[in-house]
Amino acid sequence: MKAVAPFKEAIDTVIEAGGDAFKLCYQCGVCSGSCPWNLVRTFLPRKLIRETQFGLVDLESDEIWRCVGCRTCVQRCPRGVELVDIMRAIRRIAVEWRAVPASLRTAMTSMGTVGNPWGEAREKRADWAKDLDVKTFTKGTELLLFPCCTPAYDPRARVMATSVVKILNAMGADFGILGVEESCCGESVRKAGDEALFQSLARDNITAFVENGVKKILTVSPHCYNSFKKEYPEFGLEFEVIHSTQYLAELIEQGRLKPTKELNKRVAYHDSCCLGRYNDIYDEPREVLKSIPGIELVELPDSREESLCCGGCAGRLWLETPKEERLSDIRIEQALEVGADVLALSCPYCFLNLEDSLLTMGKGDVLELKDVTQLVVEAIQE
Amino acid sequence: MEEKKIGVYVCHCGTNIAGTIDVEAVAEFAKTLGPVAVARDYKFMCSDPGQAMIKDDIRDHGLNRVVVAACSPRMHEPTFRRVCSDARLNPYLFEMANIREHCAWVHEDGGAATEKAKAIVNAAVRKVYLHEPLETREVPVNPNVLVVGGGIAGIQAALEIADSEHKVYLVEREPSIGGHMIQLDKTFPTLDCSACILTPKMSAAGSHPYIELMSYSEVAEVSGYVGNFKVKIRNKPRYVKVDKCTGCGECAKACPVEVPFEFELGLINRTAIYRPFPQAVPTAFVIDKRGYAPCRVACPAGVNAQGYVSLISRGKFKEALGVLRRTMPFAGVCGRVCTHPCELDCERATVDEPVAIRSLKRFMADYELRVGREKATPIEKTKEDKVAIVGSGPAGLACGYDLIKQGYPVTVFEALPQAGGLLRYGIPEYRLPQAVLDNEIKYIEELGVEIKTSTPVTDIGQLFAQGYRAIFLATGAGLSQKMGIPGEGIQGVIHALSFLKQVNSGVKVSLGERVAVIGGGNAAVDAARVALRLGAKEVAIVYRRSREEMPAIATEVLEAEREGVNIHFLATPVKALAQDDRLTAIECIRMELGEPDASGRRRPVPIKGSEFTIDVDNVILAIGQTVDKAALPKELTFTGWGTLSVDPVSLHTNIDGVFAGGDVVAGPADAIGAIAAGKEAAISIDRYIRGVDLSEGRPETLKRVEKVAKEGVQRKARAAMPSLGLKKREGSFAEVELGFDEKAAMEEAKRCLNCAVCSECLECVRLCEAEAIDQGMEEEIVEVEVGSIIVATGYDAFDPSVISQYGYGRYDNVISGLEFERMCNAAGPTGGDIMLKNGKQPSAVAILHCVGSRDANYHEYCSRVCCMYALKYSHLIKERTDADVYQMYMDMRCFGKGYEEFYKRLSEEGVNFIRGKVAKVTDRATSDEEKGKLIVVCEDTLLGRIARVPVDMVVLCTALEARADALAVARMFSLSLSADGFFLEKHPKLDPVATMTDGIFVVGCCQGPKDIPDTVAQASGAAARALAMISKGKVEVEAAIAVVDEEICSGCRICELLCTFNAISYNEDKKISVINEALCKGCGVCAAACPSAAITSKHFTAEQIMAEIEGVLV
């Protein structure tokens, strides 16, 4: 029987990596009780924090890659422990020790070389917009539209970016994209532990922003929104950042955008973690949906602060999840349970995950997935 | 000036100072300073030998100033000041130099620290050189004590002080003392019944000769200073005389109003008159009255609508009618024709629709007629002076009614053959059957009012000659206004009032087939609907404004349209067209609405060229009524509108003893307005006859209740008034509105929110044999003088509905700690049975610890008692049910005497302890055994497994938090709040009962959550402190305070604004600021702020501080 003594070096490494929040944890277990993983398998964040408190984390285990950064635990933690930061710190150490699962490593490498996680050529980054009325951002353009790697490259999610363009043009807004000068916001890889990669991506982006005189950014993805708004100021620069749902809500409140076409659908809105729990944006997307005539807005069982994560944050999107363990499957079931015709979304990662689930569950004929902006565009078209 | 001889003593403080600073060097340095006569260093200056050293030197060397360089003055300044005074040196000629906390303890470099210590000593020497001797003052201590709060803490403190034969004022804001402790069932760890151990103390406190218990009272204002506080206490009106009430409870049985019971946490309701619990001290009941209901305030006549509506809801129809008859006798009449201003302000409308007050009033009258009205007992005419009333309309009759009730002989003179005025001659039978009016006029006559019909009065002088002392003119405005259009005199053109009068008098009126009625008021609508019933085939109303501006009652207008009346809006006739001297048509013109006129309504403007014709056989003009000036005495003065001019408050005309009211003064208005005027006239006439000022205290304004509780009120549609079918109405004057039946009336009355709570139905007064109820009681402010104050205001329970994941408020069987206590209590809502909301016993119960406590999202502190009461609940559940009990805990805090043993006992009882804070409570089952249950989700951290525990009931161990009004109370008593919101004690370890305000103590949970043993101990402690002050009889007041130089002070009062201790006041005579020596704490803010440098901070004068600074820098 070996005596268990705190492994001081390991503890110090975690603290250096930014995970010193573990000191506050008093092991109550609310995080484990709240974690959505326990709906489909067992995952005890408390145990991982306990191991961290003693420097006993096994860097080779799958468990350190389980956290999706949904923040449900942080919201409820009675000591205010930032668990997501601790997970990030542990993963930083794993990345430095090159103990990263293969599929995630591929995405990280891709980001480092071509600026996006999908392995697509950088030169093709602006292709999604080539047939649309979108100009390149130059000094003096008012608004930068940042489409996110996923809508830019993935045809399934493209509609999220094209819908925003349609609205911007309908409003006569002065906007542009940086195209090939854009790099991934890096939000997910930072949470996945590759701090160096995040720093380099951020520097590239900020350089591009500053050189082009960017002041205000409109993002399609809540992850880009969170990154630019909360994390980029660490580099000393602040930009005005808004998400597409906030932009729409503002236009509708000011009366400049009036959806008139009746859509006659029962719509359930899925709160994305990055908009909701990270940034307290719950009402704007709902206001936007309520303004569309004929829409009956219903709430999913776990909504707003209790929203069930789709399972795509913090790098999880690039890690294998067996079919029985998909949180997005449960979300589709919940949407069907409330009798929704449409599940409305506001995040490209949610889009990918839920699309996947919808197809594998074979429910594509009874439930549709639509981005909030996409619905608005449908309601203003002639 | 005397030569200054300073003694400097440098303390080693063991190694605390000497370990860093070279103390001998500092002493050597001190010797070099001018006026220093002696300089020594010593190991422990505060010790006896150290102190003796100073005393010897003062005596032997004639020292007249002393400096001790050692620890902080907060530690030992009092010690060395005492040393000086023991050696006959004024204690203020001493200065402490802090070379420990300010030097040795904060520096590591010994050399630099020593230099700094020398500078500090230099500064102290220069300052003490300038010290002046100061005298402390003493103020006497008033031996009375105020205890604020009658929970266990307050009761304990009060009893201890009272037992030593000193007077205590015990102020409690609830109707009874007992606080939260009396709500509990059993107490841990002994499982004593809470009431059994508390009620003897409550009883003792209630009857103690030295305790003046002021229950249902609050402290309103505190002024003064330690030993001499002046406190204003607001005694809220109970409306029940405490010394008369026997507590029999008959009143509550009769009370028709129910509201949620606060003592029972809203689990059940109580009546407006209530006693919080059976063992209440005092035992008297109390009436919850929150002002006046909006319906009552809105009624011009002040009818207590809530009173009769609440009684109807209980089936007490006869008593309800009695409530109305206190104010006026027209239940049937007004119940049919009133314009119901009450319904327009009804609070129920904010939930769904207003209560049908008017129709409920009618119901009462109809009910009485149905069961048979007993003949009214004539009222004895106790007054000699008789009163004449001219006009038997609603104004005149209401006036007579009020006067006869005061015993005045009244005669009403009526010109027409029957009494009633426009009620009889203007309102059609299908709206107000004359039989209903007859009944109510008969009632008035039975009481003793004499009505002389067919007796017009033309000469009021005659009336005075006949011996009438006062006259009320209520002749109305019965003259039809002329239109002034060509053809108005043609045969076939009728005026509405005369038309209606004829029909109501039984005169046969023949109309043609086509009738047009001009006007938009009730008379127009009445005329139109009468015309239909008389056989006219086409009836139209022509009104010059739009539907929104129509003054007629909206429901009447709708019924007219349903009956077939066609309304032409925005049109008016310009001339009547005739053929063979008979009316054939009217030419009308269309109108549009322009700017508002004097009445506030938009003025109709004719549209040029829009003329059109309506073929008619008759035109009925109903465009307005005026006063018949010719019928009134010429001596009276009239207004520009042709109405009688009167004093707006007393209704006195220009002729002495002649009053007027109703339409004759106001112009055409509604019945209720006339009734209100009649009542005002009655007051004026009574005062006039008694020779008392007519206007004093008038008009009476009633305060409308501010906030009306609407939580949990379900929407329910207003009862629909059944009405006669359209076919049945043809050619018939049968009443159209049929009235509610008993069931519908009671259901509708139950919709009333009882805004004012007590409805003043006075049933309790009627039934109280002890005659203990005084509905007219008023709030009293009492001022007391005390020497010390003990604040024991207790705690509030945290509301767990903010923690949405626990489902409190969403799931029926998730309950809070106090709710569980009430359930267990034999006197509580379930009689002590632990049961689910559906009445069944639970088969499994989960008790969740730390709900709102130890949580950065709500309260960071631990509430201290929850672990123990969770164990207690587990025991009670095990004792009374077969349920499984689970406790989800983070820690088990069983720190007190017998507490750990109690924990062991509960482990033996088979309670399941799961270490894990609950993440959520849900009803979404994931397996069969979870169906229909509440599932508690947590991690069993000891097993390292997620636990989903299916239970029937979840009890939340809710936190204890500071009272919602803690900040306001703190301001009143000059207390501070600590970060957790509770009152701040002077020192958390060494002085937990005193506060920074001398003479004011805090005890019990208001200072921080604690259990009963600790509360009682703290209360005894505060009592001892108060008694110590009383025993000494005097209190020393610090001499280092600020003083104003009267010569220099300019009276700008800046200092007054800045003083946080309220120590500065303004002397109006001398026009200068004055500092209260007892309140001043010497903080120095005023001295710093004074623009004229008129204020000196004694012992910290500008010169002294400058000297210190020089000493440090040089």
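In the predicted model, chain B contains an open sheet of four strands in the order E2-E1-E3-E4, with parallel pairing, where strands are DSSP runs of type E of at least two residues, helices are runs of H or I of at least four residues, both numbered from the N terminus, and two strands count as paired if DSSP finds at least two bridges between them. Strands E2 (36-42) and E4 (94-98) of chain B lie at the edges, each with a single partner strand, so one side of each is left without a neighbour in the sheet. From one strand to the next the twist averages 15°, angles being taken from 0 to 180 degrees between N-to-C directions of lines fitted to C-alpha atoms, for helices over the stretch in contact. Strand E1 (residues 6-11) of chain B pairs with E2(B) in the parallel sense over six bridges, and B:Val10 stands opposite B:Asp41 in E2(B). Helix H2 (residues 48-61) of chain B packs on this sheet and touches E1, E2 and strand E3 (65-70) of chain B, its direction making about 165° with that of E2(B); contact here means heavy atoms within 4.5 Å.

The contact takes 22 residues from chain A and 21 residues from chain B, and A:Tyr26, A:Arg76 and A:Pro78 supply 28% of the area that chain A buries against chain B, more than any other three residues. Two salt bridges (a side-chain nitrogen of Lys or Arg within 4 Å of a carboxyl oxygen of Asp or Glu) are found across this interface. A:Arg46 forms a salt bridge with B:Glu939, the closest N and O atoms being 2.7 Å apart.

Residues are numbered from 1 along each chain as its sequence is written, and chains are lettered from A and ligands numbered from 1 in the order in which they are written. Local features of this predicted model need pLDDT of at least 70 and side-chain atom pairs count only at pLDDT 80 or more, whereas totals for chains, interfaces and linings use all residues, and side-chain values use heavy atoms, with hydrogens and water left out.

Notes:
Buried area is the accessible area (1.4 Å probe) that two parts lose on being put together, summed over both.
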